[in-house]
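Please take me through this structure in the viewer, one selection at a time. I would like to know what to select next and what is there.

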Amino acid sequence: MVVKGPLQCMQQNIANGERANDTKPIGEDKSLLNINKFSLNKSLRKTSFRLYFDRGDLPIKMEYMCGGDKIGWTIDIDKLDYNFYLPLFFDGLSETEHPYKTYARQGVYDLLIAGGEKIHSAIPQLILPLKSALNTKNLEVICTTLKIIQQLVLSSDSVGPALVPFYRQLLPMFNAYKVKNLNCGDEIDYSQKNNLNVGDLIDETLQVLELHGGEDAFINIKYMVPTYESCYLN
C-alpha cells in the first residue's frame, strides 16, 4: 500500500500531463531584472516540507562534525517510502531560509544517491515541486534546482525518458532565462568555483536531458526551447 504524500492530490493534473492553473508563466513578466528584488532570506511560500519539519515529522537530524555539519537520517534511508518522502523533500527546494533549505537540499541529494530504481515511480509527483522552485525567480533556488534536475536524471537510466512527457511543465523557465547572463550568487559553491550562471546551467541541464532522455528528448526540448542546439552536433 502506497501512502499518499501531502502533494499528491495537488499534483494529479501534473501527473496527467496537464498544466497547473495557479502558476503564472515567467514569460509574462515585464522584466527579468525584477529577479534580484526577491530576498534570498525570505521564503516565497510555506511549503509542505516546512510544515513537516516544524512538526518534527521528518526522519532527519543535524550532525555536528569537525569537518562541517551534515544531515543525519534517523531511519535507514533504504527503508524510506520514496513515493512519500522524495516529493516532500523536493518541495523544500523552494525554501530560502535556514535550516529548511539546508535540510531539504541535502535530503534530496541523499535520497537521489541511494534511490536507484525507486525514484522512477515518484517522478510524476516531483514535477510540481520542481516547477514551483524554478518559478520562484530566486537565483539561488533556480541554480540549485537545475543541479538537482541533473542529478535526478543521472540517478537512474529510467529517469531521463520518464521526464520527457513533463518538459511542457519544466522547460518554459529554461526558455525565459537561457539567454540571461545572471550569476547564481556567492552562496553556491559551484558558482564560486566554476563561475557558472543561469544561462550556463540551463545549457548544461538541457544537454543532460538530451543525452539521457532517449530518442524523443531532443525534439521535445527543441519545441519548448527553440534556441537549443543538439549537443550531438557540437
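**Aromatic pairs**

Eight aromatic pairs are present in the structure; rings of Phe, Tyr and Trp (its six-membered ring) pair if their centres lie within 6.5 Å. Select Phe218 and Tyr228: the ring centres are 6.2 Å apart and the planes stand at 50 degrees, so this pair is tilted. Planes under 30 degrees apart would count as stacked, over 60 as edge-to-face, and the rest as tilted. Phe218 belongs to helix 12 (residues 217-224) and Tyr228 to the segment after helix 12, so the pair ties together parts that are ten residues apart in sequence. Phe218 is partly exposed, with a relative accessible area of 28%, while Tyr228 is buried at 2%. Here buried means under 20% relative accessible area, exposed over 50%, and partly exposed in between (1.4 Å probe, protein chains only).

Next, select Phe49, Phe53, Trp73, Phe89, Tyr100 and Tyr103, which form one aromatic cluster.

**What kind of model this is**

This is a predicted model, in which local features need pLDDT of at least 70 and side-chain atom pairs count only at pLDDT 80 or more, while totals for chains, interfaces and linings use all residues. Residues are numbered from 1 along each chain as its sequence is written, and side-chain values use heavy atoms, leaving out hydrogens and water.

Colour the chain by pLDDT, the predictor's confidence in each residue, from 0 to 100. The chain average is 79, and 70% of the residues score at least 70. Now select residues 17-43, where pLDDT stays under 50 and the model has 46 contacts beyond four places in sequence. Residues 186-195 are also below 50, with 19 contacts in the model beyond near neighbours in sequence. Contact means heavy atoms within 4.5 Å. Where pLDDT is low, the predicted coordinates should not be read in detail.

**The whole chain**

Switch to a cartoon view. The chain has twelve helices and two strands, and from the N terminus the elements run α-α-β-β-α-α-α-α-α-α-α-α-α-α. Helices (H or I, at least four residues) and strands (E, at least two) are DSSP runs, numbered from the N terminus. Of the 234 residues, 52% count as buried. Among contacts with a separation of 6 or more, 73% are between residues 24 or more positions apart.

**Helix 3 and helix 5**

Select residues 82-91 (helix 3) and 123-134 (helix 5): their axes come within 8 Å and cross at roughly 10 degrees. Helix 3 is therefore roughly parallel to helix 5, a label for angles under 35 degrees, with over 145 roughly antiparallel, 65 to 115 roughly perpendicular and the rest oblique. Axes are lines fitted to C-alpha atoms, for helices over the stretch in contact, and angles run from 0 to 180 degrees between N-to-C directions.

Show side chains here. Asn83, Leu86, Pro87, Phe90 and Asp91 of helix 3 meet Gln125, Leu126, Pro129 and Leu130 of helix 5.

Which residues does Leu93 touch, not counting residues up to four places away in sequence? They are Ala104, Arg105, Val108, Leu130, Ala133, Val141, Thr145 and Ile148. Leu93 lies in the loop between helix 3 and helix 4 (100-115) and is buried, with a relative accessible area of 1%. Leu93 and Ser132 are 39 residues apart in sequence and 8.7 Å apart in space, C-alpha to C-alpha.

Finish at Cys143, in helix 6 (residues 139-154). Cys143 is buried, with a relative accessible area of 0%. From Cys143 to Leu201 the C-alpha distance is 7.0 Å, across 58 residues in sequence.
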